[in-house]
Amino acid sequence: MKRKKLEYIRFLIDMGESLIPIPIENKNADKTMASETPMKKSDGGKIAPTISESAKPENDAKSAADKESLLDEFYQQIKNCTKCPLHRSRNKFVFGAGSADADIMFIGEAPGGDEDRTGIPFVGRAGKLLDRILAAAGLKRREIYIANVLKCRPPKNRDPLPAEEEMCLPYLHRQIEIIQPKIICCLGRVAAHALLHTKANMSDMRGILYKFREIPMIVTYHPAALLRSDKYKRPTWEDFQFMLEELEKIKRSA
Ligand code: SF4
């Protein structure tokens, strides 16, 4: 346990923390037990997570180069999308970024102001914090892939509307299908709700290994939540540990 505390302190330092809180024992540590299939919580069944999208995706991408060219082709097909009203106010369409052959795919909610200006996901304050979290977890941004549920910015960064999600989600599904990551990490409530078809609280969705079209998937806080409150740092660190442990298991069993 001492080692875990030291790792957590190192994580906070890597994230740029100057005042290091003393880590407390996590009463819900047993929640981080993983299963090969989605698990229901044992605390009275507050949520019964939907096993999302059980159909296996078509795996038409054989190599990194194939995936790269399929992603590029797909980007060209959808970059001028006008399926929902958000196209009218967008500056840039934000497709996704990173390695087409990534082991880990992170999924956020929608572009914000900085993303809308640049066309790149997670480049604002939350994106910079995500970079630090990735570095603290030993991950490089160029090795992972990041995309959002919506490709265009909702006005004033409001939550996506159900109709917008319905229009845009097939694009994300196709990206997942092409990349075929070994594990997916939903960043925040909106992405988790969109992929799991649930309205559960974040605290109830964490620490559970789901499967999305046969791909293991976990849920953690959006980096913007960590900017709002320090209390999300410890659980985020735990979720990243959980994800990396699961990824190791997947690689070992491959
Ligand atoms: S949010 Fe998605 S569905 Fe709506 S216009 Fe943009 S790309 Fe098309």
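Here is a short tour of a predicted model, in questions and answers.

Visitor: How should I read the numbers and the model?
Guide: Residues are numbered from 1 along each chain as its sequence is written. The model is predicted: local features need pLDDT of at least 70, side-chain atom pairs count only at pLDDT 80 or more, and totals for chains, interfaces and linings use all residues.

Visitor: In what order do the six strands of the open sheet stand?
Guide: Strands here are DSSP runs of E, at least two residues long, and helices are runs of H or I, at least four, numbered from the N terminus. Two strands pair if DSSP finds at least two bridges between them. The pairing in this sheet is mixed, and the order is β1-β3-β2-β4-β6-β5.

Visitor: Which strands stand at the edges?
Guide: An edge strand here has a single partner, so one side is left without a neighbour in the sheet. The two are β1 (97-98) and β5.

Visitor: Which residue of β3 is the bridge partner of Ala97?
Guide: β1 runs antiparallel to β3 (residues 145-148), and two bridges join them. In β3, the partner of Ala97 is Ile146.

Visitor: Which residue in β6 stands opposite Leu187?
Guide: β4 pairs with β6 (residues 215-220) in the parallel sense, over four bridges. Four bridges also join β4 to β2 (residues 104-108), again parallel. There, Met105 stands opposite Ile184. In β6, the residue opposite Leu187 is Thr220.

Visitor: How many residues of β4 are buried?
Guide: Buried means 20 or more other C-beta atoms within 10 Å of a residue's own; exposed means 12 or fewer, and partly exposed lies in between, with C-beta atoms placed from the backbone. Ile183, Cys185 and Leu187 point one way from β4, Ile184 and Cys186 the other way, and all are buried. For β4 (residues 183-187), the count is five of five.

Visitor: Why is helix α6 described as largely enclosed?
Guide: Its cover includes β2, α5 (162-179), β4, α7 (202-205), β5 (210-212) and β6. Contact here means C-beta atoms, placed from the backbone, within 7 Å. α6 (residues 189-196) is largely enclosed by the rest of the structure because its buried residues number eight of eight.

Key
Two residues are in contact if their C-beta atoms, placed from the backbone, lie within 7 Å.
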